[in-house]
Amino acid sequence: MSKSYKDTLNLPKTAFDMRAGLLKKEPRIQEQWAKEDLYDRIRHRRAGAPRFILHDGPPYANGNIHMGTALNKVLKDMVVRYKTMAGFDAPYIPGWDCHGLPIEHKVMEELKADGASERQEAMDVRRRCGDYAGTFATLQSDQFQRLGCMGAFDDPYITMRPQYEAGVLEVFARLVDAGIVYRQLKPVHWSIENRTALADAELEYHDREDTSIYVAFPLAGDAPDIARGGDAVSLLIWTTTPWTLPANLAVAVHPRFHYAAVRVETADGPATWLLAAERVEPTMHAIRAARGEWLKSHDVLETFEGARLLDANVRYRHPLIEGADCPLVAADYVTLEEGTGLVHTAPGHGTEDYGTALKAGLEIYCPVGPDGTFDETAPEALRGVNVWDANAQIVEDLRRRKLLACDVPLTHSYPHDWRSKTPTIFRATEQWFIAVDRPLSDSGRTLRDLAMEACRRTSDDGGIDFTPAWGRNRISGMLESRPDWCISRQRAWGLPIPVFYNADGAPLLTPASVRAVARHVAERGSDAWFTDSPADLLGDYDASDDPDVDAPEAFAVKRLTRGEDIFDVWFESGSSWFAAAMARGLVDRPPVDLYLEGSDQHRGWFQLSLLPALASEGHPPFAALLTHGFVVTEDGRKMSKSLGNAIDVIEQLDRRGADILRLWIASQNYQDDVRCSERLIAQAEDAYRKIRNTLRFCMGACADLDPAHHATEPDAHSIDRWMRLEMHGLIRDVRAAYDAYEFHRATRLIYEFCTTQASSVYLSAVKDRLYCELPDSDRRRATQTVIHELLVTLVKLLAPILPHTAEEAWKLVPFRAAGEPDSVHLADLPTFDAGLLDAAEELRPVNPDIAQFSADHLEAGPQWIWDRLLDLRQAGLAKLEALRETGVKNPLDAEAVFRVAPGNDAAKHFCETYRGELEDMLGVGHARIEAAEDLPDGEIVDVDVLDARQRYARCERSWKRRPDVGSDPDYPDLSARDAAAVKALRDDS
C-alpha cells in the first residue's frame, strides 16, 4: 500500500473563493467604500496631478435605468477609473436632466387621474414634477452605484437646482450679449399632442402614410402667349399635406427651369396645365396609374422658362377660398426630383415657404391653433377640424370642384415628437431663437462658421477629436444644414426664459436684465418666476442704467409682465459645461477632456453644447467626443420594453451581479450597435469564471511568499523569464487599449492572457515546482516571485473593468508591498519595461537560416527563443493527444523524447538547456534527448511522446514516471528530487 506524502507538498492556500458570490460581496464592498469615503480619498491622493475631466451627460430622471444607460455609465466609469489609476486627477460629477416634457406629461396624466382640471395651476404642476424628478434621480443614482460606478454621487449636478439654473441664465446672458437671440413669428416644428414648439433635436423620423395630391390651380385672367386652344389654364401642383392648402398664399416657380403648357383631354373635358417640362411624363404616368382612363390624352403645346410666367405677373385663383387670387413667386429651392416643378407655398407652414414670404412681402398666415385645429380665419367648413381629419375633407372638396387631378397614398419619412411619438406639423408662432448665421457681436463670425471650423480641426489645433472618426463628418453635416435653434417652449415644467413685456408688447431682454433674474433664481430657484413679481425678479435692475435699453421710460418695472415661455431643455443640458463643469471648478474654461454619449447625441447634446460654448467662450466645450451605439437584441433588432425583448438591467444585477454585467459591457465593441441577450451575458459569466480562477490559482500559489524577504530572480532560461516578458507585453498592450478607449480590446487581451499564456502554458507548467520543490528552493521562489508580480498586475489591470472583484482580490493578495494602498482603486497601474521588451522582441538570429543551430542563434532575442520552444511544445502536445487514444490518460505517465541529429552539438545544447522547462511545459513525467539519423525533412529537433508506464515506476509524491524513482533506498517509491525534499522536510521538523 503506497504511502501518503500530502503533508509534504506545498499545497495552495487562499481565502479567495472559487465561487464569486457577487450578489452578497458587491453590496458589502460598496458599503465599505462609502464608509471609508473612498472617492474622497482618491481625490485627495490625486490632488495636484494633471487633470482629466470626463463631463457627464445628464440622463433623464424618469424611470429605472435600462441597458443603454448601463452601457453608457459603465463606459464612463471605466474611463474615470483607468485615468485615475494612470496618475490623473479625474473627478467625476454625475448629473441629471430634470426639466422637460416627458416628466410634465406623466404628471399631467396623474393629475387627470386624480380628477384635476385640464388647466392646472403652473405651480401645482411644477411641484409634482420636481418631486417626480427628484425621486427618479435618487433611484437612478442608487442603480448606477450598484453597477459599481464611482463619483460624487452624494453631490451631483441637478438641472432643476437654483445654482445650476443661474448658470444656464448666465450662458443665455452671454448669447444675448452676442446679438444672436431674437424673437420672431416663424414656422417651427409643433407637437399637437403636447402643444409646444420643438427643436430639431427633439424629432424622430418614422414612416407614415399620407395622401399626396395633384391639384389644378386655375389662373386668374388670361395667360397671354402661353395657352393654346382657349381651354381653361391651370397651374398643376403636388403636395403631401393637403391640410396646408387653406394657408396657401403663392406658388413658387424656378425662373431658370423650363415649363410646359400641356393640353389634356380628361373625362371632365379638356384643359391646359402648366408644369415643369421635365416632370410632364412622370406626372401623367402617376395620374393614369391612379385614375385609369380619366386622363385620355396629353400633348405638350410649348415650353418656356419659368421667368416668362413671372414676367407676365401671372396670378391664380385660390382652390379653396372664393374670391381670393394669389401670385407666382420666384424660388431657387424648387427641384425637379419629384412633384411638378411648381411648389404650393404656405408661409405659416414651412421654412422655405417662410423665407419666400419674407422676400415677396407675403403674410405669415397660419390658420391652425395650438391644438392642431383650424381657427376662425379658415374656410367655414374646416373651422374646428383637426388637420389630420381635414386631409380627407379637403381632398373631397377639391374633387367636387373638379380641381383634383388625382390623389395617391404615399408612405414617407415624417417628423414625430420624440417623446409622444406623434406626428408634428409646421406651424408659425412667436418663438425665441438662437441664430446660427448672424454675425456675433464680438468676432463678426457666425455660429455656424465657428462650429464647422471647430469640427474640421483636431484638439491639438483648438478643435475636436472624434472616436470613432466618422463622428466628425456626421456632426459637420448636421451643423451645415441646421436651422436657427428654437429655444422656447410653451410648457410649465422648465426654466423660464427671463423676458418681460411692456404694455405695447415690446420685450425687455438684455444681458443686464437676464443677469438680474439669474441672481434672484440663484437664491430662490426658477419657481420664483411664477410666484414673484417682476420687481422682485429684477431686484435692483434699473432700465435707465442699462446701455442696451433705448427707451428706458417704456420699461418701468411696475408695468412689466412676465413672459410665459420656458427654455428648450437641450439649452439647459447644453449649458452644463458652464453650469456644472466651470461652476464646480473642474475647469477654469472649456474645453473639458471628454464627452461620452450615444451616437444620437451628434444631433442632440453634443451639438447643442457646442453652439452655446462657441458663442459664449469662443471654444468648443469638449476636446474629444466618444460615441457608442445602441443596445439591440442578438439578431440586431431594437430593444424596448414595449416590444417585450428588453434585457432588464436590475434583473441582471439581482441574478448575476455588477461585475458580470460590466465584463459583458467591457467586451463589446461599443462603436457599433451592441447586441445583447441572455446567452451573450452568460458567455461573459463564463469568461469571468476563467479570469477569477486564474487569480485564485496565483493567490494560492504565492501564499507563503513575502517578496520583501523571498523574492528571487528566475534563471535566465526558465519559463518564469518568458512569463515576465509576456506580462510586460500585456501591460503595454492593455494600457495602449485603455488609452484608445478600446475596452473590448483590453478585455480580450486580459482574458486571452489568463486562459492561454497564464493558465494553459505557464501556470500549468510550474505546478510541479510549486507543489513539490522545497518551499524555499530558488526554483520555487523564483516562480512564486513572478506569480506574485503577475497577480498584482492582473488585479490592477482588471480594476477599471471589475472593480468589486479587483478590490476583493487586492485585499487578499499575500504580502502586498508596503508602499501599496489598502484599496486597488488608490493604486497606480503597473508599468512595463520598454527596454526589456525591446531587447526581447527586436533581436533576431544573426543567421536566419534556421536549418542550422549555432552559437549565434543561441544569442538571439528571448522572444525568438521562446517562440521556438512553444513550437516544440505544440508539436509535443499533438503527439501527447495521439497517445491518449492508446490509453495514456495522464501526461505524467508519458515521456517526451527530443531527437536531434548526431553531431549537431548546438541543437543538443539547446535542448539540454531547456529540457526541464520543456518537460514541465508538456506536463510529462520525464524528458530526454537522443540522437537520431532519421529526422523529418527540414526539422532540427523532432519531438516524440512515449508511453512510460512499463518503462518507469511512478513517484508517489509527484506522480511522475521517471528513471530515478527508487534511487534513494530510504524512499524506494520516490524520485530522487522528491526523496531529497522529503528528507529535508523531515530533518527540519
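Let's start with helix H20 (residues 658–666) and helix H27 (residues 803–812), which pack at an angle of about 120° with their axes 8 Å apart. Helices here are DSSP runs (H or I, at least four residues), numbered from the N terminus. The axes are lines fitted to C-alpha atoms, for helices over the stretch in contact, and the angles run from 0 to 180 degrees between N-to-C directions. H20 and H27 are therefore oblique to each other; angles under 35 degrees count as roughly parallel, over 145 as roughly antiparallel, 65 to 115 as roughly perpendicular and the rest as oblique.

A word on the model itself: it is predicted, so local features need pLDDT of at least 70 and side-chain atom pairs count only at pLDDT 80 or more, while totals for chains, interfaces and linings use all residues. Residues are numbered from 1 along each chain as its sequence is written, and side-chain values use heavy atoms, with hydrogens and water left out.

Back to that pair. Ala658, Asp659 and Arg662 of H20 meet Pro803, His804 and Thr805 of H27, where contact means heavy atoms within 4.5 Å. By class, the residues of this contact split into two nonpolar, two polar and two charged.

Next, look at helix H21 (residues 678–701) and helix H26 (residues 778–798), whose axes come within 9 Å and cross at roughly 140°. That angle is why H21 and H26 are oblique to each other too. H21 passes H26 in a left-handed crossing; a crossing is left-handed if the near helix is turned anticlockwise from the far one by less than a right angle, and right-handed if clockwise. On the H21 side you'll find Ile691, Thr694, Leu695, Cys698, Met699 and Ala701, and they meet Arg780, Gln784, Ile787, Leu790, Leu791, Leu794, Val795 and Leu798 in H26. The contact of H21 with H26 has eleven nonpolar, two polar and one charged residues.

Now for helix H30 (residues 862–884), which packs against H31 at an angle of about 50°, their axes 10 Å apart. That makes H30 oblique to H31, and this time the crossing is right-handed. From H30 come Ile865, Trp866, Leu869, Leu870, Leu872, Arg873, Gly876, Leu877 and Leu880, and from H31 come Phe910, Tyr914, Glu917, Leu918, Met921 and Leu922. Sorted by class, the contact of H30 with H31 holds twelve nonpolar, one polar and two charged residues.

H30 has 23 residues and reaches 32 Å from its first C-alpha to its last, close to the 33 Å expected; the expected span is 1.5 Å times one less than the number of residues. Its buried residues include Trp864, Trp866, Arg873 and Leu883, buried being under 20% relative accessible area, exposed over 50% and partly exposed in between (1.4 Å probe, protein chains only).

Asp920 is found in helix H31 (residues 905–922). With a relative accessible area of 6%, Asp920 is buried. Leaving aside neighbours within four places in sequence, Asp920 is in contact with Ser764, Ala765, Asp768, Arg769, Arg779 and Lys960.

Glu36, in the loop between helix H1 (22–35) and helix H2 (38–45), counts as partly exposed at 22% relative accessibility. Again setting aside neighbours within four places in sequence, Glu36 is in contact with Arg41 and Asp822.

Methods. Helix = DSSP H or I, 4+ residues; strand = E, 2+ residues; numbered from the N terminus. Nonpolar A, V, L, I, M, F, W, Y, C, P; charged D, E, K, R; others polar.
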